[in-house]
Amino acid sequence: MEYIPAKTIVTATKSREWFGIDYNMNIYRGCCHGCIYCDSRSDCYHIEDFDRVRAKENALLTIRNDLRRKVRTGVVGTGAMSDPYNPFEKELLLTRHALELIDAFSFGTAIATKSTLLLRDLDILQTIREHSPVLCKITITTADDTLSKKLEPGAPPSSKRFAMVDALNKANIFTGILLMPVLPWLEDSEDNILSIVRHAHQAGARFIYAAFGMTLRGNQRDWYYNRLEELFPGQGLSDLYRRRYGFQYECHSPNAARLWKIFSQECERYKILYRMKDIIPAYQKKYQMTQLRIFDTI
């Protein structure tokens with residue numbers, strides 16, 4: 001494992017609009033899940049050789065110091081730039097020990113991942129939940145295991161992720177699904193969206209947050225087009241993207257409006273939350289009065 005310097009790791013967010021997260025934490029740089037659509041490959045993030053995972057130097061000491069300096073507690077999010085449960089985490093335990101620090105300093109956490117290794121740390125999540133909000137966001141973009149293994153070759157198949165959602169919810173951890181990106185002409189079918197919602201319902205998912213499309217920008221775009229040509233030869237998908245989107249950053253599915261309608265109707269049917277304004281208060285509700293009392297004493 002290569003280690004890279006970092007002066008700070010737990011940083012304040014500019015806005016709490018994204019799942020009510022107050023702080024971001026990225027212990028690792030790069031990811032080996034190999035997802036063909038990953039936005040973190042984009043030039044703007046300046047991550048060379050993105051498929052090679054590196055860890056932040058003295059990460060746990062830095063995280064401890066960062067948390068000690070915070071004037072207020074809050075929710076620490078992780079998984080925004082690289083999955084915190086890459087294969088190296090199994091031995092390094094950096095994410096696990098970071099969660100222990102989050103618990104010790106009475107912060108909450110919001111985790112985004114595709115990896116079933118998250119279940120290893122269920123005991124710590126349950127301890128954190130006793131005093132602060134805990135949110136788990138499991139990315140699932142297709143209900144088809146064969147397609148998921150093509151698009152996300154280093155991640156567990158979708159069926160195992162649905163099983164993880166089920167296990168977390170049965171353990172009373174507020175867990176749902178990130179249905180994003182939804183790749184045009186590959187995942188943006190009515191059958192796929194309905195299947196994901198129904199599987200989510202069976203797994204007890206508390207929410208599904210969806211975006212019917214994807215992002216494409218420098219470096220990420222070229223990588224994606226090359227993967228399309230390798231994985232789906234002769235189908236002309238990369239040419240279809242070029243004609244439709246050119247150099248657009250946000251590439252909405254041609255079916256976005258129709259998919260949103262059936263998606264929202266199906267979520268309503270199963271009483272699954274799907275709007276951010278409903279998800280945030282739902283997982284933070286029981287802690288709001290406690291937090292207010294703490295702030296009043298500061």
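**Contacts, helices and strands**

Analyst: To begin with one residue of this predicted model, His199 touches Ala143 and Phe162, leaving aside residues up to four places away in sequence.

User: Is His199 buried, partly exposed or exposed?

Analyst: His199 belongs to helix 7, which spans residues 190-202. Its relative accessible area is 34%. Buried requires under 20% and exposed over 50%. His199 is therefore classed as partly exposed.

User: Which residue has its backbone oxygen 2.8 Å from a polar atom of the side chain of His199?

Analyst: The polar atom concerned is in the side chain of His199. At 2.8 Å from it lies the backbone oxygen of Ser195.

User: What distance separates the C-alpha atoms of His199 and Arg29?

Analyst: Along the chain, His199 and Arg29 are 170 residues apart.

User: Is Gln284 buried or exposed?

Analyst: Gln284 is found in helix 11, residues 276-284. The threshold for a buried residue is under 20% relative accessible area. Gln284 has a value of 10%, so the residue is buried.

User: With the side chain of which residue does the side chain of Gln284 make a polar contact?

Analyst: Not counting residues up to four places away in sequence, Gln284 touches Arg16, Phe19, Gly20, Val75 and Pro133. The polar contact between side chains, at 3.3 Å, is with Arg16.

User: Which residue of strand 7 is the bridge partner of Gly77?

Analyst: Gly77 lies in strand 6 (residues 75-78), where Val75 and Gly77 point one way, Val76 and Thr78 point the other way, and all are buried. Strand 6 runs parallel to strand 7 (residues 108-113), and 4 bridges join them. In strand 7, the partner of Gly77 is Ala110.

User: Which residue stands opposite Gly77 where strand 3 pairs with strand 6?

Analyst: Strand 3 (residues 23-25) pairs with strand 6 in the parallel sense, over 3 bridges. The residue opposite Gly77 is Asn24.

User: What arc around the axis do the buried residues of helix 1 cover?

Analyst: In helix 1 (residues 59-69), the buried residues are Ala59, Thr62, Ile63, Asp66 and Leu67. They lie on the same side of helix 1, because the arc they cover is only 130 degrees.

User: Which residues are exposed on the other side of helix 1, and what covers its buried residues?

Analyst: The cover over the buried residues includes strand 2 (10-12), strand 3, strand 5 (54-56), strand 6 and helix 3 (94-104). The exposed residues on the other side of helix 1 are Arg68 and Arg69.

User: Against which elements do the buried residues of helix 4 pack?

Analyst: In helix 4 (residues 122-129), Leu122, Ile124, Leu125 and Ile128 are buried. Seen down the axis, these residues fall within an arc of 160 degrees, so they line one face of helix 4. They pack against helix 3, strand 7, strand 8 (134-139) and helix 6 (158-170).

User: At what angle do helix 8 and helix 9 pack, and how do the residues of their contact divide?

Analyst: Helix 8 (residues 220-231) and helix 9 (residues 237-245) pack at an angle of about 145 degrees, and their axes are 8 Å apart. Tyr224, Tyr225, Leu228 and Glu229 of helix 8 meet Leu237, Ser238, Tyr241 and Arg242 of helix 9. The residues of this contact divide into 5 nonpolar, 1 polar and 2 charged.

Key:
Residues numbered from 1 in each chain as written. Predicted model: local features only at pLDDT ≥ 70, side-chain atom pairs only at ≥ 80, totals over all residues. Heavy atoms only, no water. Buried < 20%, exposed > 50% of the residue type's maximum accessible area, 1.4 Å probe, protein only. Helix = DSSP H or I, 4+ residues; strand = E, 2+ residues; numbered from the N terminus. Pairing = 2+ DSSP bridges. Arc of directions from axis to C-beta. Contact = heavy atoms within 4.5 Å. Polar contact = N/O pair within 3.5 Å; in protein donor to acceptor, adjacent residues only side chain to side chain. Axes fitted to C-alpha atoms, helices over the stretch in contact; angles between N-to-C directions. Nonpolar A, V, L, I, M, F, W, Y, C, P; charged D, E, K, R; others polar.
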